[in-house]
Amino acid sequence: EEKVKKELHKSLSDLQKQQEPKHEEMTTANRQLKMEREVHQQELADLRSELQNTKIKHERNVQELMKLLKQEKDDAEAQIRVLKVELLEEKNKVKAQGRQLEKIKIECDKLTEELTQNEEENMKLRRKCEFAKQELEKKDKQISNEEDHLRRMDEARLRFKDQLHHLEMEQESILSMIGSEIDAACEIFSRDSMEKFKVIL
């Protein structure tokens, strides 16, 4: 028993000697694990803080984005209302222009019909004008011939007038000469001179 007891003590001592390095290794490992745990906890805290900040920033961005989307939606709805009003006005304008275009078309048809009638009237007037022009040319030619005839007659009248003037002058000269002869004859008769009367005869 003593021997077994000594062997057990010896084994226990050996085990204690073997346990001391293991205990030191375990202590070192615990310290290292503790340090690593603290580092990991610090990193985890940093990550949690960063995650919290990211969540806050994300929520802020989401709120700003929602606000911006709401503003854009309001602007779009306002613009849509304005466009609807403008579209309604344009439709009314198109209807009014359609009615006006229909009136213009009816007026154009009337004017086309009047133009056709006017063209027919113009053709008739043109034919009348052509006939009147021909008649006028005939009249003009006739008048020209009559003017030539009148000019010739006027020339003949002037010649006859000159001839008449000459005849009148000759007549006056003859009458004057006859008067002189009559005066001379009367003077001769008044003197009872037959000789002078014979000479004059």
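Reader: Which residue forms a salt bridge with Lys70, and how far apart are the closest N and O atoms?

Author: One point before we start: this is a predicted model. To read a salt bridge, look for a side-chain nitrogen of Lys or Arg within 4 Å of a carboxyl oxygen of Asp or Glu. Here Lys70 pairs with Asp74, and their closest N and O atoms are 3.4 Å apart.

Reader: Where do Lys70 and Asp74 lie?

Author: Both are in helix H1, which covers residues 2-191. They sit four residues apart, about one turn of the helix.

Reader: Are Lys70 and Asp74 exposed or partly exposed?

Author: Read the relative accessible area. Over 50% is exposed, under 20% is buried, and partly exposed falls in between. Lys70 has 52%, so it counts as exposed. Asp74 has 31%, so it counts as partly exposed.

Reader: How many salt bridges does a search of the whole structure find?

Author: Four. Let's take two that involve Arg151. Its side chain meets that of Asp148 in a salt bridge, at 3.8 Å from N to O. Arg151 also forms a salt bridge with Glu155, with the closest N and O atoms 3.3 Å apart.

Reader: How are these residues spaced along helix H1?

Author: Arg151 and Asp148 are three residues apart in helix H1, so about one helical turn separates them. Glu155 and Arg151 both lie in helix H1 too, four residues apart, again about one turn. Salt bridges with shared partners join Asp148, Arg151 and Glu155 into one network.

Reader: Which residues make a nonpolar surface patch?

Author: Val62, Leu65, Met66, Leu68 and Leu69 make one of about 450 Å². Met66 is found in helix H1. At 51% relative accessibility, Met66 counts as exposed.

Reader: Now the whole chain. How many helices and strands are there?

Author: The protein chain has two helices and zero strands.

Reader: What is the radius of gyration of the chain, and what would a compact globule have?

Author: Set the two values side by side. The protein chain has 77 Å. A compact globule of 201 residues would be near 17 Å. Then check the C-alpha trace: along its principal axes it spans about 255 × 40 × 25 Å.

Reader: What share of the residues counts as buried?

Author: Of the 201 residues, 2%. The chain exposes about 19500 Å², and carbon and sulfur atoms supply 57% of that area.

Reader: How many positive and negative side chains does the chain have?

Author: There are 41 positive and 47 negative side chains. The centres of the two sets lie 12 Å apart.

Notes
Residues are numbered from 1 along each chain as its sequence is written. This is a predicted model: local features need pLDDT of at least 70, side-chain atom pairs count only at pLDDT 80 or more; totals for chains, interfaces and linings use all residues. Side-chain values use heavy atoms; hydrogens and water are left out. Buried means under 20% relative accessible area, exposed over 50%, partly exposed in between (1.4 Å probe, protein chains only). Patches are made of residues with over 30% relative accessible area and no salt bridge: like charges are joined within 9 Å, nonpolar side chains (Val, Leu, Ile, Met, Phe, Trp, Tyr) within 5 Å. Accessible areas come from the Shrake-Rupley method with a 1.4 Å probe; for residues, only the protein chains shown count as cover. The radius of gyration is taken over C-alpha atoms; the globule rule is 2.2 Å times the number of residues to the power 0.38. Lys and Arg count as positive and Asp and Glu as negative; His and the chain ends are not counted. The place of a charge is taken as NZ of Lys, CZ of Arg, CG of Asp or CD of Glu.
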